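Here are my notes on this model, as numbered points. Please read them with the structure open.

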Amino acid sequence: MPTAAAGADAYRPLDRLLHRIALGSRAALELSFDLERARFGRAAGAPALRPPVFVTALARAGTTVLMQRLEAADRFASLHYADMPFPLAPNTWAGLVARRRRGVARTLRGHGDGLEHDLDSAEAIEEVFWRMQCGPDYLTADGLAAHQPDAPAMAAFGQFMALVCLARARHGQGGRYLSKNNANVLRLPSLAGIPGAVLVHPFRAPLEQAASLLAQHRRACALAQADAFRGHYMRWLGHHEFGAHQQPFLLPGQAPPQGDPDSLVYWLRTWCGVYRHLLDQPASVAARQCFVDYDRLARGEDAVRAALARQLALPNGLPATDLRPPKPHALAQQAVPPADLSAANALHQRLQQRAQATVPTA
């Protein structure tokens, strides 16, 4: 286990080998999940009865901050850094390392955005499950394709949620599953079919979010070039949003974004594609969606926080801690084709209208 930080750069050679074996092999993932179910499946019981919450959108929309604030607002159960490198066996792994665990100082994560984490921080690790369960159905050479997990896969996911809730119950959490997983935009109808599920979609102003994506793509590529393990680590976790192993979402009725990923317009087109997909869901999915204007939320608008707390049935509301407006990106000042900017602005207005529909007027 890392001794000073929770990110990929903190792993020693032996830790890296363990992660490569545990996360890089589908057989190892399946074995860890089978062992977890055999040992703790009865204790976990049926899938969590409280409605789960899935934070899913395009990256750089405030998803991490939002997930962390939600976890602090209720007895949510999320995967944590401490569950690595066996996220599909959180109870088994916790038992193995309980006596070895040491205090871990909080450290800045590798995104360069000022957010800190430690072993107890919730993180976007859920995609490891879907890669193990359904990888051949959506991981293609051209990108990540939308797919509908079959009944056995959804049943296994229900077991997985229950096991995560059981693991967090040891620390006074649990009972309501929470995940942040941007790749869940590929399987919205299946998640919306889970009783009571809420799909939370934060968004930001298009040029600012696109500029943040471009900056993170360049940063991640540079870090992976300096240390190949970092690129592999992100790929094992199913993070293809940006970086050395970046792949586009292949969404129904849409062509993949065109252009160079090292350009602002590429990420603006990616923004348009993902949020158009989220807005154009059928009624069965739309009934479960909650759009969040992160720019307004981060400015501290009480009405936005209250509306989100109401939609998610948060008993103590949503704390305003750590909700702060992102710094403007200089990259957002780069020129983009007028047609792309016009399309993005029109979509942004639609998103604001959907979000506003849940916020009572003063």
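1. Start with the contact between α10 and α14. On the α10 side it involves V265, L268, R269, W271, C272, Y275, R276 and L279. Their partners in α14 are D340, L341, A343, A344, L347, H348, R350, L351 and R354. By class, the residues of this contact are eleven nonpolar, one polar and five charged. Bear in mind that this is a predicted model.

2. Now the geometry of that pair. The axes of α10 and α14 come within 10 Å. They cross at roughly 35°. The crossing of α10 and α14 is left-handed.

3. α10 also packs against α8. Helix α8 covers residues 206-226, and α10 covers residues 264-279. The angle between the two is about 120°, and their axes lie 8 Å apart. That angle makes α8 oblique to α10. The crossing of α8 and α10 is right-handed.

4. Which residues of α8 meet α10? They are P206, L207, Q209, A210, A211, L213, L214 and H217. From α10 come L264, W267, L268, W271 and Y275. The contact of α8 with α10 divides into eleven nonpolar residues, two polar and no charged. Compare the lists for the two contacts of α10. L268, W271 and Y275 of α10 meet α8, and L268, W271 and Y275 also meet α14.

5. Consider α8 by itself. This helix has 21 residues. From first C-alpha to last it reaches 30 Å, close to the 30 Å expected at 1.5 Å a residue. Its buried residues are P206, Q209, A210, A211, S212, L213, L214, Q216, H217 and A224. What covers them? The cover includes β7 (198-203), α9 (228-236), α10 and α14.

6. Look next at the end of α14. Q356 belongs to this helix, which spans residues 338-356. Is Q356 buried or partly exposed? Q356 is partly exposed, because its relative accessible area is 31%. The C-alpha of Q356 is separated by 8.6 Å from that of V292. Along the chain, Q356 and V292 are 64 residues apart.

7. Most residues other than glycine have a negative phi, and most peptide bonds are trans. R60 has a positive phi of about 70° and is not a glycine. R60 sits in the loop between β1 (53-55) and α3 (63-73). R60 counts as buried, because its relative accessibility is 16%, with the cut-off for buried at under 20%.

8. A313 is another such case. Its phi is positive, about 55°, although A313 is not a glycine. A313 lies in the loop between α13 (302-311) and α14.

9. The remaining backbone feature is a peptide bond. The bond from M84 to P85 is cis, with omega near 5°. P85 is found in the loop between β2 (76-77) and α4 (90-97).

10. Finally, α4 itself. Which of its residues are buried? They are P90, N91, T92, W93 and V97. Among the elements that cover these buried residues are α1 (13-24), α2 (26-44) and α6 (151-169).

Technical notes: Residues numbered from 1 in each chain as written. Predicted model: local features only at pLDDT ≥ 70, side-chain atom pairs only at ≥ 80, totals over all residues. Heavy atoms only, no water. Axes fitted to C-alpha atoms, helices over the stretch in contact; angles between N-to-C directions. Helix = DSSP H or I, 4+ residues; strand = E, 2+ residues; numbered from the N terminus. Parallel < 35°, antiparallel > 145°, perpendicular 65-115°, else oblique. Left-handed = near helix turned anticlockwise from the far one by under 90°. Contact = heavy atoms within 4.5 Å. Nonpolar A, V, L, I, M, F, W, Y, C, P; charged D, E, K, R; others polar. Buried < 20%, exposed > 50% of the residue type's maximum accessible area, 1.4 Å probe, protein only. Expected span 1.5 Å × (residues − 1).
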